[in-house]
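Please examine the sequence and the coordinates shown here. The paragraphs that follow move through charged pairs, a helix and a pocket.

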Amino acid sequence: MVELLDTTPRNQVTPGESARADFPILATRLGGRALVYLDNAATAQKPRRVLDAITAHYTGANANVGRGYYQLSHLATDVYEQARATVQHAIGAEYPDEVVFVPGTTAAVNLLADTLGRDLVGAGDQVVVTGMEHNSNLLPWRRLCESVGAELVVVPADEHGTVPVEVFAAALGPRTRLAAVTHVSNVLGTVNPVREMVAQAHHHGVPVVVDGAQAVPHRQVDVRELGADCYVFSGHKMYGPMGIGVLYGRRELLGTLEPYQVGGGTVKGISTTERVRYVPVPARLEAGTPHIAGAVGLAAAFDYLADIGWDAIRAHDDTLVRAAVAAVSDLPRVRVVGDPAADPSGIVSIVVDGIHPYDVGGHLDAHGIAVRSGVHCANTFVDTFGVVGTVRLSFGIYNTEAEVDLVRDALRTVQPGFWTAEHPTERFL
């Protein structure tokens with residue numbers, strides 16, 4: 001008999017140096033230097049537990065799900081649905097069928113724009129978004145509005161990188177049919193008051209889609225407590241595999257959606273003469289063979305984070321963010337954008353006056369430090385601060401204060417380079 005649950009005793013892992021041994025890639029040396037990985041907001045590294053869970057699936061339970069009448073297929077189906085239940089409990093969903101597995105956040109928002117959006121939004125209507133959205137939670141809604149003749153209302157962020165609730169509420173009106181907001185900014189780590197924003201939208205009868213891609217790795221999310229109608233995120237940003245993500249939706253809302261894609265696993269029966277009858281959600285929204293191993297790895301990532309403990313993760317974020325802000329505070333020309341220490345979510349964005357962000361990023365890379373430079377797929381938000389782009393330090397559970405010190409040391413010697421000279425005001429995604 002194959003055990004579906006991994007009951008192996010775990011040693012207690014704490015964020016920081018203790019966690020590093022769980023991540024094989026951190027032993028990598030580039031150009032003779034140890035890897036300092038500070039691009040976790042783009043994608044996080046994977047612990048052995050996730051890697052082992054994926055390997056165990058492919059070596060012990062690999063078969064297609066749902067339609068095979070043999071033991072291995074039944075086992076694979078059980079494993080897949082167990083992963084769904086793990087995610088359900090981790091995010092506080094009421095029912096497992098409120099969890100739809102998708103390739104990631106971008107895919108989830110596009111699915112909703114082309115199903116829920118087209119059900120709700122027509123000519124002359126409005127869709128409200130904030131000015132701090134990642135393009136993945138902006139462009140699908142913009143395209144929807146353009147295609148149906150609706151208006152996209154962008155609620156601007158203020159000079160601190162926040163969208164006050166009262167400003168968001170003022171943008172809602174009788175023509176508003178849907179709102180989409182980010183939980184945590186991928187540029188600054190700014191945390192939106194999502195629960196209050198959702199409440200304001202619901203007062204107008206407006207459903208809300210929340211982009212939680214940057215929130216889920218850093219804080220325990222309870223979708224019912226937030227009141228979100230839909231909540232989307234990606235597995236690879238929270239130490240899970242690439243190519244897997246989650247669309248949470250309230251059961252009664254998901255039940256109204258037509259299939260986004262059609263094919264295997266979505267129909268009850270089909271003939272050339274009768275109307276196609278689709279299966280209920282979530283299978284109706286998971287056409288074809290799903291990313292089964294991805295779901296297994298995502299569940300393992302949630303279990304790993306739960307074992308570390310969300311209080312410990314939040315405390316670690318707080319420590320590193322404050323350490324980074326302090327470390328650059330007295331460096332010439334270096335300044336922090338926004339106020340990342342207000343409610344730390346593992347991100348500190350900086351600019352070095354007079355030096356292009358790409359030159360800064362390249363200089364840090366030469367010191368073995370991996371960061372993200374540019375506008376972070378959030379052009380409109382970066383415009384708020386009047387800068388070409390930022391250099392983003394984004395922390396994970398395996399980062400340490402010693403690595404923050406290495407960033408400080410490297411920034412002491414940064415000089416203008418090719419990008420500053422040739423493209424002083426150009427921005428690149």
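Glu196 and Arg195 form a salt bridge whose closest N and O atoms are 3.4 Å apart; the term denotes a side-chain nitrogen of Lys or Arg within 4 Å of a carboxyl oxygen of Asp or Glu. The model is a predicted one, in which local features need pLDDT of at least 70 and side-chain atom pairs count only at pLDDT 80 or more, whereas totals for chains, interfaces and linings use all residues. Residues are numbered from 1 along each chain as its sequence is written, and side-chain values use heavy atoms, with hydrogens and water left out. Glu196 is partly exposed, with a relative accessible area of 32%, and Arg195 is likewise assigned to the partly exposed class, at 40% relative accessibility. In this classification, buried means under 20% relative accessible area, exposed means over 50%, and partly exposed lies in between, with a 1.4 Å probe and protein chains only.

A further salt bridge joins Arg335 to Asp353, with 2.9 Å between the closest N and O atoms. This pair links distant parts of the chain, 18 residues apart: Arg335 belongs to strand S13 (residues 334–336), and Asp353 to the loop between strand S14 (347–352) and helix H13 (357–366). Such elements are DSSP runs numbered from the N terminus, helices being H or I with at least four residues and strands E with at least two. Arg335 is partly exposed at 38% relative accessibility, and Asp353 is partly exposed at 34%.

By the stated rule, the count of salt bridges comes to 21. Among them is the pair of Asp39 and Arg372, where the closest N and O atoms are 2.7 Å apart. Asp39 lies in the loop between strand S3 (36–37) and H2, and Arg372 lies in strand S16 (residues 372–374), so the bridge ties together parts that are 333 residues apart in sequence. Asp39 is buried, at 7% relative accessible area, while Arg372 counts as partly exposed at 35%. Asp39, Arg372 and Arg392 are linked in a network of salt bridges.

Helix H2 comprises the 13 residues 48–60. Which residues of H2 are buried? They are Arg49, Val50, Ala53, Ile54 and His57. These residues cover an arc of only 140° around the axis, which puts them on the same side of H2; the arc is that of the directions from the helix axis to the C-beta atoms. The cover over the buried residues of H2 includes helix H3 (71–91) and helix H11 (292–308).

Ala53, in helix H2, counts as buried at 19% relative accessibility. Residues up to four places away in sequence aside, Ala53 touches Val296 and Ala300, contact meaning heavy atoms within 4.5 Å. The C-alpha atoms of Ala53 and Gly294 are separated by 9.5 Å, although these residues are 241 residues apart along the chain.

The second largest pocket is lined by 24 residues, of which Ala41, His134, Asn186, Gln214 and Lys237 lie nearest its centre. A pocket is an open set of points on a 1 Å grid over the protein atoms alone where a 1.4 Å probe fits, with protein on both sides within 12 Å along at least five of seven lines; lining residues have an atom within 4 Å of a point. Helix H4 (residues 105–114) gives the most to the lining of this pocket, with three residues.

Terms used:
The expected span of a helix is 1.5 Å times one less than its number of residues.
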